[in-house]
Amino acid sequence: MNIARGGQFLVTETKSEDIFTPEDFSEEQLMMRDSVKEFVDREIWPNKDRFEKKDYAFTEETMRKAGELGFLGVAVPEEYGGMGMGFVSTMLVCDYISGATGSFSTAFGAHTGIGTMPITLYGTEEQKLKYVPKLASGEWFGAYCLTEPGAGSDANSGKTKAVLSEDGTHYKITGQKMWISNAGFCSVFIVFARIGDDKNITGFIVENDPANGISMNEEEHKLGIRASSTRQVFFSDTKVPVENMLSERGNGFKIAMNALNVGRIKLAAACLDAQRRVTSGAVKYANERVQFNTPIANFGAIRSKLAEMATNCYAGESASYRAAKNIED
Ligand SMILES: Cc1cc2nc3c(=O)[nH]c(=O)nc-3n(C[C@H](O)[C@H](O)[C@H](O)COP(=O)(O)OP(=O)(O)OC[C@H]3O[C@@H](n4cnc5c(N)ncnc54)[C@H](O)[C@@H]3O)c2cc1C
């Protein structure tokens with residue numbers, strides 16, 4: 001297949017049969033979509049107010065249920081306890097599981113993406129066997145510690161330090177991380193720290209153990225995604241075995257960016273089902289609501305708005321799945 005690169009899709013002719021659309025989903029993908037939708041309708045949609053009222057424990061409980069149904073391991077290879085499905089399926093699950101509340105979809109996205117992917121993409125065989133099955137099943141949850149008070153967009157400028165012990169068996173990590181999603185209930189952190197005066201940071205797998213110099217602030221008060229756990233995390237001489245380094249010394253920035261890059265398109269998918277649900281809700285309301293003895297759906301201005309919403313849904317869905325299939329190929 002001839003895949004358009006960069007902005008080529010704007011100028012090159014593409015055959016319609018080469019473009020993947022939701023009509024091309026396989027039977028297996030449609031079954032997966034239906035079971036995710038059923039899960040959301042049963043477990044999440046009726047409990048939206050609990051998420052709105054910052055019920056963090058409920059987010060964790062719902063994540064565990066998602067794990068039991070296998071939804072946390074869709075992208076994880078089968079040999080590490082996942083389903084080993086392709087990128088389009090990963091997008092499909094992300095799309096439908098995010099339909100009810102951003103709180104759950106943030107917890108889901110942070111865990112399955114930046115909390116798990118650095119190990120599946122860059123871990124050694126031992127690291128993958130030790131951590132990934134637990135993350136794929138939801139027995140453990142993952143969080144990703146890159147951002148610091150002075151290092152946001154400029155993520156490679158973090159001040160967190162990793163110092164090798166004299167006997168060479170472990171690193172001691174010291175530093176402050178902030179805005180860490182899932183911090184409140186995770187078992188394992190992916191932590192980025194600098195060794196010596198290295199130009200680039202290094203990635204480490206750090207088990208969450210308060211007795212090992214790990215502490216956190218209270219949950220952040222947020223305007224939205226209110227039941228997604230977001231905390232500051234402090235590491236104080238936290239001992240991390242040398243075998244828990246991810247990839248090589250100085251490779252952390254690459255790991256951090258690649259984990260985030262996969263997440264960017266999933267953020268587009270995470271808007272789709274919410275958009276479908278909002279559009280359907282608006283159509284239903286416009287047909288029920290009567291003003292001037294007429295359902296407001298009969299007014300041209302309302303019809304125009306509904307048409308625009310439906311068009312945006314279609315465009316978002318088409319663009320997301322076309323790009324997802326290109327990535328998969
Ligand atoms: C709810 C939430 C959850 C999060 N979860 C995590 C997590 O799990 N793990 C983690 O590590 N981090 C997490 N973050 C942190 C997030 O990744 C950072 O907020 C992000 O990297 C931006 O950093 P900043 O907020 O410090 O903004 P800044 O870097 O201070 O940027 C402020 C503004 O300046 C703009 N800007 C910056 N540089 C440039 C430039 N060169 N040119 C033009 N404009 C520029 C930015 O676009 C932005 O508008 C989370 C944040 C939030 C809000």
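Which residues of α9 are buried? In α9, L306, C313, E317, S320, Y321 and A324 are buried, meaning under 20% relative accessible area, where exposed is over 50% and partly exposed lies in between (1.4 Å probe, protein chains only).

## Basis of the model

The model is predicted: local features need pLDDT of at least 70, side-chain atom pairs count only at pLDDT 80 or more, and totals for chains, interfaces and linings use all residues. Residues are numbered from 1 along each chain as its sequence is written, and side-chain values use heavy atoms, with hydrogens and water left out.

## Helix α9 and its cover

Helix α9 has 29 residues. From first C-alpha to last, α9 reaches 42 Å, close to the 42 Å expected at 1.5 Å a residue; the expected span is 1.5 Å times one less than the number of residues. Helices (H or I, at least four residues) and strands (E, at least two) are DSSP runs, numbered from the N terminus. The cover over the buried residues of α9 includes α4 and α8.

Two packed helices are described by the angle between their axes and the distance between the axes. Helix α4 (residues 87-97) packs on α9 (residues 300-328) at about 145 degrees, with axes 8 Å apart. Axes are lines fitted to C-alpha atoms, for helices over the stretch in contact, and angles run from 0 to 180 degrees between N-to-C directions. From α4 come F87, V88, M91, L92 and D95; from α9 come S320, Y321, A324, K325, I327 and E328. These contact residues divide into 7 nonpolar, 1 polar and 3 charged. Here Ala, Val, Leu, Ile, Met, Phe, Trp, Tyr, Cys and Pro count as nonpolar, Asp, Glu, Lys and Arg as charged, and the others, Gly among them, as polar.

## Salt bridges

The structure holds 20 salt bridges, each a side-chain nitrogen of Lys or Arg within 4 Å of a carboxyl oxygen of Asp or Glu. One joins R276 and D95 (2.9 Å, N to O). This pair links distant parts of the chain: R276 sits in helix α8 and D95 in helix α4, 181 residues apart. Both R276 and D95 are buried.

Another bridge joins K130 and E207 (3.5 Å, N to O). K130 belongs to helix α7 (residues 125-137) and E207 to strand β5 (residues 202-207), 77 residues apart. K130 is partly exposed at 45% relative accessibility, and E207 is partly exposed at 30%. Through shared partners, salt bridges join D41, D95, D273, R276, R277 and E317 into one network.

## A buried lysine without a partner

K266 lies in helix α8 (residues 252-288). K266 is buried yet has no salt bridge. The nearest side chain of opposite charge, E328, is 12 Å away; Lys and Arg count as positive, Asp and Glu as negative, and His and the chain ends are not counted. Leaving aside neighbours within four places in sequence, K266 is in contact (heavy atoms within 4.5 Å) with F87, T90, M91, C94 and G113.

N182 is not a glycine, but has a positive phi of about 70 degrees. N182 sits in the loop between β3 (170-181) and β4 (188-195), and counts as buried at 0% relative accessibility. D237, also not a glycine, has a positive phi of about 50 degrees. D237 lies in strand β7 (residues 230-241) and is partly exposed, with a relative accessible area of 46%.

T174 lies in strand β3 and is partly exposed at 36% relative accessibility. Beyond neighbours within four places in sequence, T174 contacts T160, K161, F235, S236 and D237.
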